[in-house]
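This report describes selected elements of secondary structure, their packing and a few individual residues. Please read it alongside the sequence and the model displayed below.

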Amino acid sequence: MGFDWAFFIERIVNPGAPYLNALGRTVTMAVLAMLLGLLIGLVVGFGRLSRFAVIRSACAFYVWFIRGIPVLVLLVMLFSGMAAAGLFRFSDIEVFGLKLTASFQAAVIGLAIHEGAYMAEIVRNGVQSVARGQVEAAKSLGMSPWQVTWRIVIPQATRVIVPPFGNDFNHMLKTTSLASVIGVQEIFLLTEAMSATTFKSFELLSVVALNYLVLTAIWNTIQGVIETRLQAHEIDRPVRTWWQSLVVYLTPSPSPSAGERRI
Amino acid sequence: MSSTDRKPLVRALGVRKFFGQAEVLRGVDLEVMRGEVLCVIGPSGSGKSTFLRCINQLETYQGGKLYVGDDLIGYRQQGDRLLPLASSQVVMQRRRIGMVFQQFNLFWHMTVLENIIEAPVRVLGQPAAQARENAMRLLERVGLAAKADAYPMKLSGGQQQRAAIARALAMNPELMLFDEPTSALDPETTGEVLAVISELASSGMTMIIVTHEMGFARQVADRVVFMEEGQIRHQAAPEQFFGEQAPARLKAFLSTIH
């Protein structure tokens, strides 16, 4: 037996349309779920800091409840459980000429609900990290509560939110594989299907593992560029554009170290 | 400078403030004339910063009345009751009052120039070009024109405080509040900030300055106020205030500072 290198390389060089489609589905699912999760996280995270006790408790309940449910259980519950109980059944829809299958919708929503609970904590921590003096200065300049939030609190909280957000997105890229259980045709489900017909499970799983690694590596770079841009205030080189951020990220200035010197 | 216009801009009538059970302002009565420069001194915990923060509503007061111009700060009168203002009205009242903080509080995610034009553009709706031009004039005035595009973290404390003063002035306030503006600075940079405040004082701006710099207070103030235990205990022109006729308690306090 042994590892079939030729097959492995062939799968990488020439993945074929079905696999590329599945890859697209994996990425789309992760991005949509993350964006929706961020939205939920913003609402629930700010909600946890509300001056109204009812809102605070409702948001705290959401975080407590959702974080206690395994994603896998949540996905199956949404897709099959609710349909079985006759509560709600997802059905295929078309958006801008793009067919969104029932399972894909359920997966995005389930992943987003899950992510939202974690994002809420990240957002809350970010908002609480903003120094009181910054808010007071903004108020003293006559800025409205809305302006203080959008111009001062959110931009400053973003610096604190982005690293754990990136961490979560890295996680999300791989967690999408759980959607295979409810039948979303993403890369893991396709790999499983191909394994069943070719019996080259190890090669195929290596390909898919490598694939996730590439995805997270790409995201790692994107996150680095975003973080560089957000650290403009403490970097000596100008970082005013995305291009400059990329250059600074890829060519970090060496930190000064003790070298040989004359006395 | 003593103004000939004897109309008070700030009027405090028995202002009282509680933090929980503790009464930190126990009936403050004070008038500040237009164009007057008032320095407030006193031991820490005497309520001087709290009083300043009540004027632009970073704190609320629970007793008495506080006027800036014709505005009753924080409340509206309905019959014989005072009702708290809606936040939109609080925001309006704050626009005419500039504040400078002990910790500068420049927005660290914005350059110096962006810090200064933020409120004029967002709050007053000034066109960006005009706001930028005005900001550069103000930076010129505080000696920071070269630092317009620098981020606050790259500036010294004194430079940050001068930028913060420029930011407050950009709103064209009729009253400036300084909350221990040099307490976080080293002696060298303290001088450059005090110079900017002195220049501002001589331009006729109405100012209330909470400070521990007695030499500065003596030189720049039209009147000095001594606060202790939430009350104004003594007030006088600088010559009398720091002179031999000052009350014993004040002399004792002053001797702890020098």
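Does F199(A) count as buried or exposed, and how many C-beta neighbours does F199(A) have inside 10 Å? F199(A) counts as exposed, because it has 11 C-beta neighbours inside 10 Å. Here a residue is buried if 20 or more other C-beta atoms lie within 10 Å of its own, exposed if 12 or fewer, and partly exposed in between, with the C-beta atoms placed from the backbone.

The model is a predicted one, in which local features need pLDDT of at least 70 and side-chain atom pairs count only at pLDDT 80 or more, while totals for chains, interfaces and linings use all residues. Residues are numbered from 1 along each chain as its sequence is written, and chains are lettered from A and ligands numbered from 1 in the order in which they are written.

**Loop residues**

F199(A) is located in the loop that links α8 (187-198) to α9 of chain A. Helices (H or I, at least four residues) and strands (E, at least two) are DSSP runs, numbered from the N terminus. Although F199(A) is not a glycine, its phi is positive, at about 60 degrees. E180(B), in the loop between β9 and α6 of chain B, is likewise a residue other than glycine with a positive phi, near 45 degrees. N172(B) belongs to the loop between α5 and β9 of chain B.

| Residue | Other C-beta atoms within 10 Å | Class |
|---|---|---|
| N172(B) | 13 C-beta atoms | partly exposed |
| E180(B) | 21 C-beta atoms | buried |

**The helix pair in chain A**

Helix α1 (residues 5-13) of chain A packs against helix α9 (residues 201-230) of chain A at an angle of about 35 degrees, and their axes are 9 Å apart. Axes are lines fitted to C-alpha atoms, for helices over the stretch in contact, and angles run from 0 to 180 degrees between N-to-C directions. The crossing of α1(A) past α9(A) is right-handed, the near helix being turned clockwise from the far one by less than a right angle. On the α1(A) side the contact involves F7(A), F8(A), R11(A) and I12(A), and on the α9(A) side E203(A), L204(A), S206(A) and V207(A). Residues are in contact if their C-beta atoms, placed from the backbone, lie within 7 Å.

**The four-stranded sheet of chain B**

An open sheet of 4 strands has the order β2-β1-β4-β5 (chain B), with antiparallel pairing. Strands pair if DSSP finds at least two bridges between them. At the edges are β2 and β5 (71-72) of chain B, each pairing on one side only. Strand β1 (residues 8-19) and strand β2 (residues 22-33) of chain B are joined by 9 bridges. Within this pairing, K17(B) has L25(B) as its bridge partner, and V10(B) stands opposite V32(B). The hairpin of β1(B) and β2(B) has 2 residues between the strands, and G20(B) there takes a positive phi near 60 degrees. Helix α1 (residues 48-55) of chain B lies across β1, β2 and β4 (63-68) of chain B, at about 115 degrees to β1(B).

**The six-stranded sheet of chain B**

A further open sheet contains 6 strands in the order β8-β9-β10-β3-β11-β12 (chain B), and its pairing is mixed. Its edge strands are β8 (97-100) and β12 (231-236) of chain B. On average, neighbouring strands of this sheet are turned by 20 degrees against each other, direction ignored. Strand β11 (residues 223-228) of chain B runs antiparallel to β12(B), with 5 bridges between them; V225(B) stands opposite Q235(B). Helix α5 (residues 157-169) of chain B lies across β8 and β9 (175-179) of chain B and runs at about 170 degrees to β8(B).

**Helix α6 of chain B**

The buried residues of α6(B) are V193(B), L194(B), V196(B), I197(B), L200(B) and A201(B). They lie on the same side of α6(B), because they cover an arc of only 155 degrees around the axis, taken from the directions from the helix axis to the C-beta atoms. These buried residues pack against β3 (37-41), α5, β9, β10 (206-210) and α7 (214-220) of chain B. Exposed residues E188(B) and S202(B) are carried on the face turned away from the buried side of α6(B). After α6(B) comes G204(B), with a positive phi near 95 degrees.

Notes
Contact = placed C-beta atoms within 7 Å.
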